[in-house]
Amino acid sequence: MTLAIVSALTWLAMGLMPGDPLDLAMLADPALTAADVERLRALHGLDRPLHRRYLAWAGAVLRGEFGFSRLYAVPAAAVLWPALGGTLVLVGSALVIAGVLGTALGVLAAARPRRIAPLVDALAVLMQSTPTFWLGIMLIIIFAVTLGWLPAGGTAERGQNPLPFLVLPVATLAAANMAAYLRHAMAGMQGELGRDYIRTARMKGLPERAVIWRHAFPNAAIPVVTIAALDAGALVSGALVTETIFARPGMGKLIYDAVMGNDYNLALLGLLLAALVTMLATLAADIIQRLIDPRVRAV
Amino acid sequence: MRLGLGLALLGLLAGGALAAPLVQAWLGHDPFAPDLFSRYAPPSAAHPLGTDDLGRDLLLRLLHGARVSLAVGLAVALGATLLGTGIGLLAAWRGGWADAVLMRIADGMLSLPALPLLVVLAAVDTGRFGLPRGEALSDIARITAILVIFGWVGVARLARAAALRELTQDYVAAARVAGATETRVLLRHVLPNIVSPITVATALAVAGAILAESTLSFLGLGIQPPAPSWGNMLSNAQEMVFSAPLVAVWPGVAILLAVTGCTLVADGLRQRRA
């Protein structure tokens with residue numbers, strides 16, 4: 001249902017964008033005459049109104065035909081898979097780092113309210129306020145241009161070690177995503193640590209580590225799981241800004257180029273996939289919440 | 001403490017934005033006219049922060065950019081607050097079917113991949129609706145409208161939660177018994193009591209809008225040059241990184257300060273309430 005609405009709205013928006021594929025074809029080939037254009041328009045169905053074209057497309061997708069990419073002149077799915085691989089590596093590692101490090105720091109801050117909490121709090125505000133693209137540029141200036149330790153962007157050529165190329169983009173993306181985990185883990189833990197069952201656990205003589213991780217953390221983890229689910233959509237929709245700055249191929253850049261180049265089939269396929277994964281992840285988050293929190297199950 | 005610090009930061013930036021014409025008269029440059037003989041000039045008395053890739057004064061562009069970026073931020077927050085509060089109140093008051101539909105829409109918006117959709121929306125050719133494109137004012141209006149579409153959700157959820165709590169209070173029942181119309185109950189009795197959570201959401205909306213505007217402008221879909229915005233001042237950063245790294249620093253610092261200011265104000269308001 002949601003998928004249908006998303007795809008219809010995207011189709012409408014793309015139809016409202018300047019130019020259509022044939023305008024671009026005319027620019028590319030001056031020999032094309034007005035008669036040719038009309039013939040091609042009819043051939044590709046571009047003379048039909050928007051909603052008719054949308055229905056035709058949706059019917060084809062339901063039959064498993066995703067059409068051809070206009071920009072790359074191959075089936076849309078064939079362009080998608082390599083980009084998806086690049087994005088999974090980049091966004092996947094960044095999200096794991098952001099989630100684990102952010103949650104750990106947040107828990108640590110809640111456990112040490114005097115000394116560490118204010119620092120972590122300030123860090124979270126700063127990270128939340130830093131524009132991703134600017135952070136990426138600053139990291140390039142510092143580590144690639146000034147110090148020369150790491151490549152400024154791009155991907156490894158055959159035979160090169162791919163890891164150095166990943167460091168800066170992953171760091172940028174992880175920093176951008178970490179603030180949410182930090183803030184929620186910290187707030188959740190601060191709320192839990194003041195409760196009676198924590199005092200009971202401490203009174204039993206449990207080591208502080210067990211009190212924090214076995215008792216308090218599972219109760220504070222629910223918002224963290226929810227954010228992780230919302231972020232998971234980015235595994236497919238990509239990280240447009242980071243990919244642009246570091247010149248890495250990926251879904252974000254692919255969808256952006258497809259939108260800009262009037263490549264309906266490719267853009268819609270990418271967006272649909274992203275929306276689908278986000279919804280599945282949200283569903284998974286609901287299920288995980290039920291597993292870790294019996295209170296949710298009871299309701 | 002936080003509230004004060006945040007307000008001071010925002011005040012500083014707003015003051016800079018207002019003072020842009022004064023500084024311009026004092027320095028005597030035109031921030032919109034390229035001067036190719038002084039590209040990437042280092043900071044000097046004539047150009048306190050140096051010049052950009054087209055030889056335009058950076059400080060002046062930064063201050064004029066503040067006008068654009070802060071205007072978009074405030075306009076979006078205003079629109080999102082009005083729309084969000086209205087929808088939140090309506091959902092809480094009607095309950096049932098209307099509530100379910102409105103909140104499912106809100107959930108749906110939250111679970112969508114925001115940036116790709118923003119890109120699609122920002123690329124829509126407003127010329128087809130007879131609106132001019134490419135002028136600074138119409139760009140601001142276009143970006144504001146797009147960001148309001150995504151910005152109302154946060155406000156609406158908070159407003160609904162707060163309104164639901166207030167609607168069960170005795171004073172609401174008392175007002176109804178006294179013969180107040182439903183409109184009067186909502187606007188005169190419930191609304192004043194949910195203002196404080198809404199202001200928190202508004203402050204966060206300003207922060208989000210400034211970030212989103214700068215990102216879209218950075219990608220070339222927001223405010224179009226020659227009008228400066230903090231985002232589009234960085235749009236050819238790739239090239240600046242090697243030739244003039246300092247040029248790339250300032251717009252980001254401005255965004256950072258503005259968003260930090262809003263976040264601090266939101267946190268401060270929340271703490272004061274708690």
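Tutor: Glu192(A) counts as buried because its relative accessible area is 8%, and buried means under 20%, exposed over 50% and partly exposed in between, using a 1.4 Å probe and the protein chains only. Before we go on, this is a predicted model, in which local features need pLDDT of at least 70, side-chain atom pairs count only at pLDDT 80 or more, and totals for chains, interfaces and linings use all residues, while side-chain values use heavy atoms, with hydrogens and water left out. Residues are numbered from 1 along each chain as its sequence is written, and chains are lettered from A and ligands numbered from 1 in the order in which they are written.

Glu192(A) has a charged partner: with Arg195(A) it makes a salt bridge whose closest N and O atoms are 4.0 Å apart. The term asks for a side-chain nitrogen of Lys or Arg within 4 Å of a carboxyl oxygen of Asp or Glu. Arg195(A) is partly exposed, because its relative accessible area is 42%. In general, side chains of opposite charge can pair when their charged atoms come close.

Over all chains, there are eight salt bridges. One of them links Arg183(A) to Asp267(B), with 3.0 Å from N to O. This pair crosses between chains, running from helix H8 (residues 163–193) of chain A, where Arg183(A) sits, to helix H11 of chain B, which holds Asp267(B). Helices here are DSSP runs of H or I with at least four residues, strands are runs of E with at least two, and both are numbered from the N terminus. Asp267(B) is buried, because its relative accessibility is 6%.

For another example, look at chain B, where the side chains of Glu182(B) and Arg176(B) meet at 2.9 Å, N to O, in a salt bridge. Glu182(B), at 29%, and Arg176(B), at 35%, are each partly exposed in relative area. Elsewhere, shared partners join the salt bridges of Arg183(A), Asp267(B) and Arg270(B) into one network.

Phe133(A) and Phe218(B) are both buried. They are also among the members that touch the most others in the largest nonpolar core, which has 78 residues. Such a core is a set of buried Ala, Val, Leu, Ile, Met, Phe, Trp, Tyr and Cys residues joined through side-chain atoms within 4.5 Å. A second, separate core has 17 residues, including Ala94(A) and Leu173(A).

Chain A has 15 helices and zero strands, and 46% of its 299 residues count as buried.
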